[in-house]
Amino acid sequence: MNPLQLWRHARLATLTGDDWGLVDDGALLTEGDRITWVGPMSALPEAGRHAQAHDLGGRLVTPGLIDCHTHLVYGGHRAREAEMRLNGASYEAIARAGGGIRSTVAATRAASEGELLASAARRLDALMAEGVTTLEIKSGYGLSLEAEARCLRVARALGADRRIDVRTTFLGAHALPPEFEGRSDDYIRAVCDWLPALHAQGLVDAVDAFCEGIGFTPAQTRRVFEAAQVLGLPVKLHAEQLSDQGGAALAASFGALSCDHLEHLSADGIRAMKTAGTVAVLLPGAFYMLRETRLPPIAALREAGVPMAVSTDHNPGTSPGLSLLLAAHMACTFFRLTPLEAVRGITAHAARALGLRDRGQLSAGQRADFVAWDLEHPNELTYWFGHNPCHRVVVGAQERP
């Protein structure tokens, strides 16, 4: 266990209460991987005077960032498809030319575990460099038991190899693989059959699905959620991105951790999410890449008190970005979040979207995950873009190299 440590000479943004929770000339005490005390140096407990000390140089310190929705493990890329779309090609034309999610499925199935690990590690390093300390990685580009297991093993290995907490989500119900063409019910039956084996291998923290006209129906999604429920696994949902399928209310009825995208979310869906305590995860990268014009109902979510998280949604087709800070900036610019809402969205509310209550703020009892920034105020996290102000990252009270 780590000794008692004092992290001093910082401007803390604790994100406790209703504002930034700023503490000037602040300090944190940690023991093991937990924060034991936070406050101004003038109120430092006696025990802190004998702790191993670290000088943070007067920098701004926030909780570690949390990217709660990514598809980080896959083979290949889809830059050619993006070029076709920008040149005016339709979704159907791209699919006929071999593009779309099936091209990523083919590349992922063809890649070895080592190749998937190497490519995902490069992407992960970019996110970590900006202060990400917890990350969710979904499967969903294998779409067979063997390939889905391989992707989930890679996600677990990334967490073991680097100083970051990786949460894994099984997204077998992402798209219909070619071998199940015209047999979507059979495919959903297979997904439900795979889940116990993947769970028994310790590869699944949560279960997701894509409930959409081009994805799976609410009835099919329910079957996946029922299979997860039998195993005691929490669920989340890609919901109401392109149309209102009633997915958010369905997911909320299962106590979903989060519903994600939500451009077409209805008032009924908002009420259901509020009742269930389900987090709304906003994904401005996909909104931007797809040139969407319909905004998620931010004002209604805000009025209802539904917590809003923000994520990169990193994936090769619709959101190839690797900057959580840029996603927060976009959430303010496109979705009209306030800077405080956006920063909570990549810290405390992102933690809730993963079912984690022990991170996302700087307070006693929380994991000692925090970032020192070359900034004066936390509102700058959503102001600058194309620039990385991250100076120092601490995960579980251990400094990341």
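Here is a short chat about reading strands and sheets in this predicted model.

Student: How many bridges join strand S1 to strand S4?

Tutor: Bridges tell you who pairs with whom, and then you check the direction. Between S1 (residues 5-13) and S4 (residues 52-63) there are seven, and the two strands run parallel. To get your bearings on screen, find Arg-8, which has Asp-55 of S4 opposite.

Student: Now strand S7. How many of its nine residues are buried?

Tutor: Buried here means under 20% relative accessible area. By that cut-off, eight of the nine residues in S7 (residues 165-173) are buried, so the strand is mostly covered.

Student: Which strands are joined to S7 by bridges?

Tutor: Take them one at a time. Strand S6 (residues 132-138) runs parallel to S7 and is joined to it by five bridges, with Glu-136 opposite Arg-167. Strand S8 (residues 206-211) is parallel to S7 too, through three bridges, and there Phe-170 faces Val-207.

Student: What do S7, helix H6 and S8 make together?

Tutor: Follow the chain from strand to helix to strand, then check the handedness. S7, H6 (residues 184-200) and S8 form a β-α-β unit, and this one is right-handed.

Notes:
Residues numbered from 1 in each chain as written. Predicted model: local features only at pLDDT ≥ 70, side-chain atom pairs only at ≥ 80, totals over all residues. Heavy atoms only, no water. Pairing = 2+ DSSP bridges. Helix = DSSP H or I, 4+ residues; strand = E, 2+ residues; numbered from the N terminus. Buried < 20%, exposed > 50% of the residue type's maximum accessible area, 1.4 Å probe, protein only. Right-handed = clockwise from strand over helix to strand, strands pointing away.
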